[in-house]
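Here is a short tour of how the parts of this model meet. Keep the structure open beside you while you read.

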Amino acid sequence: MDREKKLLIANTMIVTMARLLKDAQNVFMGVASNLPFFAIWLAKKLYNPGLIWLNIPGRVNPEPSFPPLSTVHYEIAREGSASLTLAEIFDMSARGELDVAFLSGVQIDKYGNFNLSFLPDEVKGRVKIQFTGGAGSALIYPNSRRVILWRTKHDKRTLVERCPVVTAGGNLYRVVTSLAVFKREGKERLVLESIHPYSSYKEVAENTAFPIHPAPFTPPPTPEEIALLQEFDPEGVRVVEFD
Amino acid sequence: MGKVKTLKEAASLVSDGDRLAIGGLLLQRIPAAFIRELARQGKKGLKVMKTAANYDFDLLSFAGCVDEIAAGFVSFEAEFGLAPNFRKAVEDGRVRFEENSCYTVIASLRAAAFGIPFMPIASLGNSYLVNKFKEIENPYGEGKVLAVPAIYPDWAVLHVHKADEEGNAVIYGPVYEDLIMSRAARNIVLTTEKVVSKEDIKRELDLAVIPGFKVRAVVEVPGGASPGACYPYYDYSSEHLKRYLSIRDHEGLKRYLDDVNP
């Protein structure tokens with residue numbers, strides 16, 4: 001994939017997630033959350049300046065002067081309005097005070113559950129492939145008001161019928177992938193909400209392991225959104241997940 | 001005997017089979033030099049815990065020092081990818097990975113710190129992790145509550161910015177789970193960027209969050225969190241991490257441990 005295409009996908013995912021934060025009170029970003037970092041930063045710039053940005057380094061409303069590769073980097077701890085430790089942010093979630101959280105899984109199934117734990121070897125009854133572990137997601141997903149799942153890959157191994165192991169499930173708001181956006185119909189199944197403008201219904205259908213129905217295109221990034229991202233991130237830290 | 005020790009002396013306090021809570025988070029303020037010394041001394045059967053780890057738990061898995069890892073997340077981020085030696089050790093059955101939610105690691109440490117046998121916590125929904133814990137009847141109302149057992153680490157191993165010779169220590173910036181670990185553990189070992197005078201600590205008393213009375217060893221290791229970062233002194237080293245991640249066998253690991261000392 002060439003760099004232009006990577007930037008197009010990253011920008012589309014970022015602005016789509018940023019626009020989902022227009023009415024959010026507060027938002028939490030965890031480990032390895034490169035694209036949510038940019039989405040929150042952009043949402044605060046353009047759509048929701050009062051949005052409260054919570055993170056693992058524990059600074060409320062950080063003011064990073066550059067985009068770090070790690071979303072626990074101390075640049076995120078350098079400036080802010082107050083301090084709140086990770087444990088206390090989890091407590092906030094446990095009390096139902098966390099509004100929006102970004103989470104991700106290696107596999108996401110049609111119920112909105114995800115697997116970030118392991119692939120079991122059914123025959124031998126043990127771990128076949130060990131993933132990273134779900135970090136705080138088992139607590140955050142069922143206890144936060146709205147969870148946005150994001151995934152830079154979209155294929156049949158990623159968007160699966162049913163996860164063999166459920167690391168976390170709960171209050172799904174949207175799933176934003178490299179190709180499309182899903183929402184949940186009622187409490188049950190994921191339905192396609194929009195297809196990113198550079199993709200097609202055919203491509204999304206061929207790369208999703210559960211049935212979907214046609215949907216309109218995702219509104220593309222505006223010149224203003226792209227210009228802001230480019231100015232903040234001239235080096236292209238936001239495409240690192242696509243390498 | 002005084003508490004100020006060499007890295008070698010401090011690491012030799014840890015016995016095979018001990019349970020260690022390791023401070024810092026991912027690449028931030030990890031006691032990396034102490035971890036390498038544990039590997040150099042060939043410790044066996046250690047049990048380690050923290051919320052989110054990478055270099056430290058990956059290296060201990062590679063060196064065959066750990067039997068059990070309890071954590072919410074073990075991986076590098078972005079450019080460095082997954083933790084290869086951790087994964088291989090778990091997939092080969094050499095290390096038992098007790099996957100937790102980061103919150104249940106914190107709950108286990110809180111229970112130990114609070115002196116109670118378990119910590120009730122909010123629902124974990126339909127996560128498979130629920131099966132690892134017992135539910136109890138809510139004694140004051142309706143329904144059931146998840147109860148996470150206390151875990152008492154033998155050691156909290158923390159890297160700090162400065163400590164005096166009694167182990168009273170100052171941390172700048174995010175504390176992660178270091179404080180709760182220091183309260184939950186039976187003993188503390190500190191590596192510190194600098195051993196300073198008591199007067200120096202007194203000048204920043206509000207930041208002296210680790211009292212020295214449970215500290216058994218204080219080791220001065222400037223750059224002791226490297227290849228991790230120590231805010232605001234130094235960032236993580238991509239070059240060093242790439243070198244570590246390129247090691248393929250135990251020969252290579254031995255050369256690395258000989259070379260990167262402390």
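## Where the two chains meet

Between chain A and chain B, 21 residue pairs are in polar contact, both residues being at pLDDT 80 or more; a polar contact is a pair of N or O atoms within 3.5 Å, where within protein one must be able to donate a hydrogen and the other to accept it, and residues adjacent in sequence count only if both atoms are side-chain atoms. On the chain A side, the elements that give two or more residues are α3 (75–78), α4 (86–94), β9 (126–130) and α5 (137–143). Helices (H or I, at least four residues) and strands (E, at least two) are DSSP runs, numbered from the N terminus. That side of chain A divides into 24 nonpolar, 14 polar and 5 charged residues. Here Ala, Val, Leu, Ile, Met, Phe, Trp, Tyr, Cys and Pro count as nonpolar, Asp, Glu, Lys and Arg as charged, and the others, Gly among them, as polar.

The rule finds 1 salt bridge across this interface, meaning a side-chain nitrogen of Lys or Arg within 4 Å of a carboxyl oxygen of Asp or Glu. A:Asp91 and B:Arg110 form a salt bridge through their side chains, at 2.8 Å from N to O.

## About the model

This is a predicted model, in which local features need pLDDT of at least 70 and side-chain atom pairs count only at pLDDT 80 or more, while totals for chains, interfaces and linings use all residues. Residues are numbered from 1 along each chain as its sequence is written, chains are lettered from A and ligands numbered from 1 in the order in which they are written, and side-chain values use heavy atoms, with hydrogens and water left out.

## How much surface is buried

Chain A and chain B bury about 3,400 Å² between them, with 61% from carbon and sulfur atoms. Buried area is the accessible area (1.4 Å probe) that two parts lose on being put together, summed over both. In chain A, the residues that lose the most area to chain B are A:Tyr74, A:Gln130 and A:Thr132, together 21% of what that side buries.

## Inside chain B

Chain B is assigned domain 1 (7–115 + 150–255) and domain 2 (116–149), with bounds from an automatic or database domain assignment. These two domains bury about 1,100 Å² between them, 64% of it on carbon and sulfur atoms. B:Glu99, B:Thr104 and B:Ala150 supply 39% of the area that domain 1 buries against domain 2, more than any other three residues. A salt bridge also joins the side chains of B:Glu98 and B:Lys132, at 3.3 Å from N to O.
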